[in-house]
Amino acid sequence: MNKFIPCLLIALMSQSALAEYENYVSLGGAYVEYDDGRDGSVDLGAVVVSFGRDYNENVTFETRFGTSLTRRDFDSSTIAPDGTVEARRDLDYLAGIYVKLSPFDWFISPYAVGGYSITQTSLSYLDIRETQRENSLSLGVGLDFCGGPFCGKLEAMRYVNDHDIVLDGFSASFAYRY
């Protein structure tokens with residue numbers, strides 16, 4: 001099942017001979033909240049690059065890649081009860097394939113987005129670095145602001161909701177359509 005969803009989306013994206021579409025590239029910033037239920041939530045800043053194709057006026061396929069721009073210290077009392085250990089959390093990468101569905105093709109268009117995300121985070125303390133890789137179905141909502149070849153996007157997305165891990169993102173990005 002893990003390989004079926006990305007393969008299906010790639011196959012659908014390649015079926016452009018009969019469909020009208022627009023390609024786009026997007027660059028944005030995201031506020032990402034990581035919560036593993038163990039260390040408390042950690043807020044991270046991230047940069048996200050997206051590549052997309054409008055299959056038709058209501059369906060868009062998109063691939064995203066992102067990484068954190070910041071490392072955040074957090075309460076390390078779960079590692080050392082006296083809090084003397086400096087601990088940091090990183091979002092090493094975020095990648096995924098998504099489908100955006102919009103009922104309207106207006107200047108301001110609301111949409112729902114769903115897909116599959118893979119993330120890797122790391123926890124660093126002392127001379128130890130623990131990495132954790134998670135993958136999950138992802139869901140979100142957003143608004144597209146498009147006028148000509150330039151667009152903007154505001155979005156709220158739950159990238160990972162797997163076991164005890166929750167990774168939410170709130171982003172703003174700018175796109176160029178070609």
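Which residue does a disulfide join to C146?

## Basis of the model

This is a predicted model, in which local features need pLDDT of at least 70 and side-chain atom pairs count only at pLDDT 80 or more, while totals for chains, interfaces and linings use all residues. Residues are numbered from 1 along each chain as its sequence is written, and side-chain values use heavy atoms, with hydrogens and water left out.

## The disulfide

C146 is joined to C151, with an S to S distance of 2.3 Å. The count is one disulfide (a pair of cysteine sulfur atoms within 2.5 Å). The torsion about the S-S bond of C146 and C151 is about 120°, so the disulfide is right-handed. C151 has a relative accessible area of 8% and is therefore buried (under 20% relative accessible area, with a 1.4 Å probe and protein chains only).

## S68

S68 is located in strand 3 (strands being DSSP runs of E, at least two residues, numbered from the N terminus). At 15% relative accessibility, S68 also counts as buried.

The side chain of S68 reaches the backbone oxygen of L91 at 3.0 Å. Apart from neighbours within four places in sequence, the residues in contact with S68 are G45, A46, D90 and L91 (heavy atoms within 4.5 Å).

Conventions:
Helix = DSSP H or I, 4+ residues; strand = E, 2+ residues; numbered from the N terminus. Buried < 20%, exposed > 50% of the residue type's maximum accessible area, 1.4 Å probe, protein only. Polar contact = N/O pair within 3.5 Å; in protein donor to acceptor, adjacent residues only side chain to side chain.
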